[in-house]
Amino acid sequence: MSVKPEHTVRRNGIYYTPAPLAKLLIEGSIRESNVLILDPACGEGALLKAAATKCQQLARSQDQNSEFHGCDKLKHNGFPNGIPNSHFIQTDFLRHQASRLFNVIVMNPPFLANARIAEKDRRDYRTRFAQICDLEMKADIWAYFLLNSVSHLRPGGGIGAILPWSFLQAEYAANIRKWLAQHFRSIKVLVLTDDHFQHTTKRVLLVWLEGYGESTSTIELGFSEGLSHDCRYEQMDVDIWQSKCLFRRFGDVAGILNECLSKHGFIRFGDIADVKIGIVTGANKYFILPTHSEMCHQCPKTTLVPIITSSKSLKKLTVDDTGEHSLLLKIPAPAPPCFTSYLRKGRRKEIHKRSHSIRREPWYRIDVGRMPDAFFHYRVSLIPFLALNTGGFQSTNSIHRVYFRAANANVQRWAQISLLSTIGQLSLEASSKVYGNGILKVEPSSLNESIVYFSQSPVPDKIYRLISSLILSGRKAEAVAKATQLLREQAGLPKRLLEKAEAAVKKFRQHRL
Ligand SMILES: C[S@@+](CC[C@H](N)C(=O)[O-])C[C@H]1O[C@@H](n2cnc3c(N)ncnc32)[C@H](O)[C@@H]1O
């Protein structure tokens, strides 16, 4: 295996497929011995090697005329060594026009998240693939690889791909899944719940698409911890496939949440609140200072904004002024003389040249925005919750800011209780993404989509305080149980529904942690 410098690996998303994983992908991709096969990002050829072995097995003693074509932006050791009838082209696949069509395409596209693709390339890809489907500007590179590979595929051909979980989880991916359902006869997905790559914990799944040119008749989804097909595949409805299909696996999640919405007075959180990411300074160490720092004593109070910088500040149902916080420098423009030397220091450190600074005018004037009514976790391993901002803080972008729209104190408290309850946790698990290390990533859109009980009646103060103190003392599971019980009584939730919801939450957590 070639060892490439760390920056080359990261810039090109190089993670070679281990042989057992390659074998599993190929098992489902090749059914006949004579194939014309392409790997558009072949690296050292792990997938093509597995494909060649499979073709040999299928051919037995007969001649086999398969051709194995690899494309890669870079040269890697190992390919095409030992693969008969192999061909290599060194080029950027996303700029590569099809000169011939293949009947099988296998791929493990570069692990390159959206943020690592140059903006001009993203714009260019978006425009080029717009006719197929709109990916907005948020797609990771796998999406463009998948779409571009289709233009290299013969009618009737198939694709086997190793893709990140975002294929099922990302919002933009719904458009791709929809398009696939219109253009492939069968779709099969195996979600791998363990880590299978060296040097990354990124979770992947295997996708097999067959019968290019026909619309879908079967969609199947299976989950496997190890590397095997020995799991139960579930048939999936095309409507679910085009929406948030992954969650179908965990009991009838959509059914549970819909029942709460239609029969028990729940609404979407986004109906009563706006969720915004926290303040992005681009240089927290420079703009955010400890309260005791000398600089904070020198500048006018009006230029210091109390701010929380970590979700560790979310310790109970309120964030009050007894908690730890820092101070954000809200430097006005033109800057008063007390900032002159501090700004000089910033320039010396080239803070003014940073990507966020160059988008501001002048570079040091941070858009603080309105004070939020509440905060919510952005990344969390277990039990996210909503904490009211009673201390008058702002937050950095590691914590979401929540602004209620015409929601009085009772409505706000019921939102807190219901998000903490099993139902709220289920809707958050169902609409959020998961990082490789099992951390739940609650995007503003996930929080907007989650469901809360809407009521103007007061939340019993004693129970509210009890729940808050349970969270504070680290007994979050008990807090969830209390919140769920309170909600059950208030909203008349049937026991059956709560049991189903609890089982579904448990499954989500088993698969992500
Ligand atoms: C995740 S690795 C997979 C390699 C190989 N298919 C395997 O399964 O082991 C992704 C590969 O994509 C290549 N790559 C990155 N950007 C590319 C591009 N624009 N066009 C073609 N190959 C690219 C990298 O050099 C790397 O070899």
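Residues are numbered from 1 along each chain as its sequence is written, and side-chain values use heavy atoms, with hydrogens and water left out. Because the model is predicted, local features need pLDDT of at least 70 and side-chain atom pairs count only at pLDDT 80 or more, while totals for chains, interfaces and linings use all residues. Helices (H or I, at least four residues) and strands (E, at least two) are DSSP runs, numbered from the N terminus. Buried means under 20% relative accessible area, exposed means over 50%, and partly exposed is in between (1.4 Å probe, protein chains only).

**Cysteines**

- The structure holds zero disulfides, a disulfide being a pair of cysteine sulfur atoms within 2.5 Å.
- In general, a disulfide is a covalent bond between the sulfur atoms of two cysteines.
- The cysteine sulfur closest to that of C42 belongs to C71 and is 6.9 Å away, too far for a bond.
- C299 is in no disulfide either, and its nearest cysteine sulfur, that of C296, lies at 5.7 Å.
- C42 is buried, with a relative accessible area of 5%, and C299 is buried with a value of 6%.

**Helix α16**

- Helix α16 has 12 residues, 461-472, and its end C-alpha atoms are 16 Å apart.
- Which residues of α16 are buried? They are Y464, I467, S468, L470 and I471.
- Seen down the axis of α16, these buried residues fall within an arc of 160°, so they line one face of the helix; the arc is that of the directions from the helix axis to the C-beta atoms.
- K462, R465 and L472 are exposed on the other side of α16.
- The cover over the buried residues of α16 includes β14 (318-319), β18 (386-389), α13 (409-420) and α17 (476-491).
- Just after α16, G474 takes a positive phi of about 80°.

- Six of the six residues of strand β20 (residues 399-404) are buried, so the strand is largely enclosed by the rest of the structure.
- In a regular strand the side chains alternate between the two faces of the sheet.
- From β20, I399, R401 and Y403 point one way, and H400, V402 and F404 point the other way.
- Two strands pair if DSSP finds at least two bridges between them.
- Strand β11 (residues 273-276) runs antiparallel to β20 and is joined to it by four bridges, with A273 opposite F404.
- Strand β16 (residues 374-377) is also antiparallel to β20, again through four bridges, and H377 stands opposite I399.

**Three-stranded sheet**

- An open sheet of three strands has the order β17-β22-β21, and its pairing is antiparallel.
- β17 (379-380) and β21 (433-434) stand at the edges with a single partner strand each, so one side of each is left without a neighbour in the sheet.
- Two bridges pair β21 with strand β22 (residues 440-441) in the antiparallel sense, and V434 stands opposite L440 in β22.

**S186**

- S186 sits in strand β6 (residues 184-192) and is buried, with a relative accessible area of 16%.
- Where is contact made by S186, leaving aside its neighbours within four places in sequence? The partners are W208, L209, E210 and T218, contact meaning heavy atoms within 4.5 Å.

**Cis peptide bonds**

- The peptide bond from A333 to P334 is cis, with omega near 0°, and P334 lies in the loop between β15 (326-329) and α12 (340-348).
- A cis peptide bond also runs from E361 to P362, with omega near -10°; P362 is in the loop between α12 and β16.

- E350 is not a glycine, yet has a positive phi of about 60°.
- The loop between α12 and β16 holds E350, which is partly exposed at a relative accessible area of 42%.
- I383, not a glycine, has a positive phi of about 50°.

Terms used: Expected span 1.5 Å × (residues − 1).
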